[in-house]
Amino acid sequence: MQPLDVQTIADRYGWTTPMARWWMAFASSSVGPKPETMIAFLDKTVGGVTMIRRS
């Protein structure tokens with residue numbers, strides 16, 4: 001898996017870039033810099049909440 005890109009995260013969750021950047025920093029400090037670990041962490045933490053409403 002390639003390094004995570006802020007835009008990738010923003011698109012995945014329907015976030016703005018600054019919000020995606022904040023969550024990436026949060027995930028990185030919580031579980032470390034590995035992309036798959038960060039994605040799993042974000043999915044578990046916010047995935048369900050954010051995916052419900054996407055206009």
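Asp-43 is partly exposed, at 32% relative accessibility. Here, partly exposed lies between buried, under 20% relative accessible area, and exposed, over 50% (1.4 Å probe, protein chains only). This is a predicted model, in which local features need pLDDT of at least 70, side-chain atom pairs count only at pLDDT 80 or more, and totals for chains, interfaces and linings use all residues. Residues are numbered from 1 along each chain as its sequence is written, and side-chain values use heavy atoms, with hydrogens and water left out.

**Salt bridges**

- A search of the whole structure turns up two salt bridges. The term stands for a side-chain nitrogen of Lys or Arg within 4 Å of a carboxyl oxygen of Asp or Glu.
- Asp-43 pairs with Arg-12 in a salt bridge, at 2.7 Å from N to O. The two residues sit 31 residues apart and link distant parts of the chain: Arg-12 lies in helix H1 (residues 6-13), Asp-43 in helix H3 (residues 35-52).
- Arg-12 counts as partly exposed, with 34% relative accessibility.
- Lys-34 and Glu-36 form a salt bridge, with their closest N and O atoms 3.9 Å apart. Glu-36 is partly exposed, at a relative accessible area of 39%.

**Overall fold**

- The protein has three helices and zero strands. Helices (H or I, at least four residues) and strands (E, at least two) are DSSP runs, numbered from the N terminus.
- Read from the N terminus, the elements run α-α-α.
- Contacts were counted between residues at least 6 apart in sequence, and 49% of them join residues at least 24 apart. Contact means heavy atoms within 4.5 Å.

**Surface and burial**

- The protein has 55 residues, and 35% of them count as buried.
- Its accessible surface is about 3,800 Å², with 59% belonging to carbon and sulfur atoms. Such areas come from the Shrake-Rupley method with a 1.4 Å probe; for residues, only the protein chains shown count as cover.

**Nonpolar core**

- The largest nonpolar core holds 15 residues. Such a core is a set of buried Ala, Val, Leu, Ile, Met, Phe, Trp, Tyr and Cys residues joined through side-chain atoms within 4.5 Å.
- The residues with the most contacts inside this core are Leu-4, Ile-9, Trp-15, Ala-20, Met-24 and Leu-42.
- H1, helix H2 (17-31) and H3 each supply at least two residues of this core. H3 gives the most, with five residues.
- Ala-20 is in contact with Val-6, Ile-9, Ala-10 and Trp-15, leaving aside its neighbours within four places in sequence.
- In soluble globular proteins, nonpolar side chains tend to be buried together.
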